[in-house]
Amino acid sequence: LTLNKGDVGIGTTDPAAKLDVYAIPGGSPNVGIKGYGDLYGVWGASDNYAGVYATGKNYGIYASGIDGPGVYAQSQNDIGVVGLGKGAGMPSLKYGYKYGGLFASTDGTGGRALGVVGNIWATGTLLTSQGLDVAEWFKVDDESISAGDVVEIDNNSVVKIRKSRDPYSTLAAGIISTDPSVLAGNLKEKDELLDRKDIENKGYRMLALAGRVPCNVSTENGPINVGNLLTTSSTPGYAMKVTDRMKAMGAVIGKALEPLKEGKGKIMVLVTLQ
């Protein structure tokens, strides 16, 4: 135990903090700090930097929780937990038995729960609790375009979509997603990823590439039954069922998963662009 100008060192004669604990490599015990409590094992707070900062050859912080989180962190203005690892086999945050190794959430205002700089490596399945489709951001020519609209390629522009306007259009691009499970093509501004609402305000919409989405449909070509192929209709932004297979070549946007007997409505559709 060393006391140096008000700093306390354990295992070191040159403490670099108010409390600096150093466990000798290969020694016993091999843990610098071990904490146990009914609420938090280790708790730290800082006005300007990190409440708890740790580095290690294998793990900077190793924590396990029985009924609560192994690591709990909150920041008012920045990041709750920062994890840095040198190699793919050296994760900086490890691991939970029931709910996962890392759990992150936001306050629901549209911020990102988890930011990752670099690749994500996983040996299991990506599980999401919202959305049933994979989507990508596309620029639109009309900001009134909304979820469920049928859209086509705008052949008067470059990489832009618009509401469909003609039956059996071979420009058909698909359906605007409502709440995708996976969303690609996010935009940056000054090296910061924009949130969904900011991207929409810049004139982009989420185009479903695969999966199930709600879609605007019309029975102008007859009642829609489950399993019917769907194509663009004469009503802008609406689909109708296919009755002419030759005309439908290159104009199919999906298959109906729900029926519609008459009029206009919104049904679930399996995205099948062909």
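Student: What makes up the fold of this protein?
Tutor: The protein has two helices and 15 strands; helices (H or I, at least four residues) and strands (E, at least two) are DSSP runs, numbered from the N terminus. This is a predicted model, where local features need pLDDT of at least 70 and side-chain atom pairs count only at pLDDT 80 or more, while totals for chains, interfaces and linings use all residues. Residues are numbered from 1 along each chain as its sequence is written, and side-chain values use heavy atoms, leaving out hydrogens and water.

Student: How do you know how confident the predictor is?
Tutor: Look at pLDDT, the predictor's confidence in each residue, from 0 to 100. The protein averages 82, and 73% of the residues score at least 70. Over residues 87–98, though, pLDDT is below 50, and this stretch has 19 contacts (heavy atoms within 4.5 Å) beyond near neighbours in sequence.

Student: What makes Glu152 and Arg165 a salt bridge?
Tutor: The term asks for a side-chain nitrogen of Lys or Arg within 4 Å of a carboxyl oxygen of Asp or Glu. The closest N and O atoms of Glu152 and Arg165 are 3.7 Å apart, so the pair qualifies. Glu152 lies in strand S5 and Arg165 in the loop between S6 and S7, so this bridge ties together parts 13 residues apart in sequence.

Student: Which other residues join their network?
Tutor: Asp154 and Arg162 do: with Glu152 and Arg165 they are linked in a network of salt bridges. Asp154 and Arg162 meet at 3.2 Å, N to O. Asp154, at 6% relative accessibility, is buried, and Arg162 is buried at 6%. The structure holds six salt bridges.

Student: How do you know that Asp179 and Arg196 form one?
Tutor: Their side chains meet at 3.4 Å, N to O. Asp179 lies in the loop between S7 and S8 and Arg196 in helix H1, so the pair ties together parts 17 residues apart in sequence.

Student: Why are Leu126, Val134, Val182 and Leu209 called a patch?
Tutor: Patches are made of residues with over 30% relative accessible area and no salt bridge, joining like charges within 9 Å and nonpolar side chains (Val, Leu, Ile, Met, Phe, Trp, Tyr) within 5 Å. These four form a nonpolar patch on the surface, with about 340 Å² of accessible area together (Shrake-Rupley method, 1.4 Å probe; for residues, only the protein chains shown count as cover). Leu126 has a relative accessible area of 67%, so it is exposed, and its place is the loop between S3 and S4.

Notes. Buried < 20%, exposed > 50% of the residue type's maximum accessible area, 1.4 Å probe, protein only.
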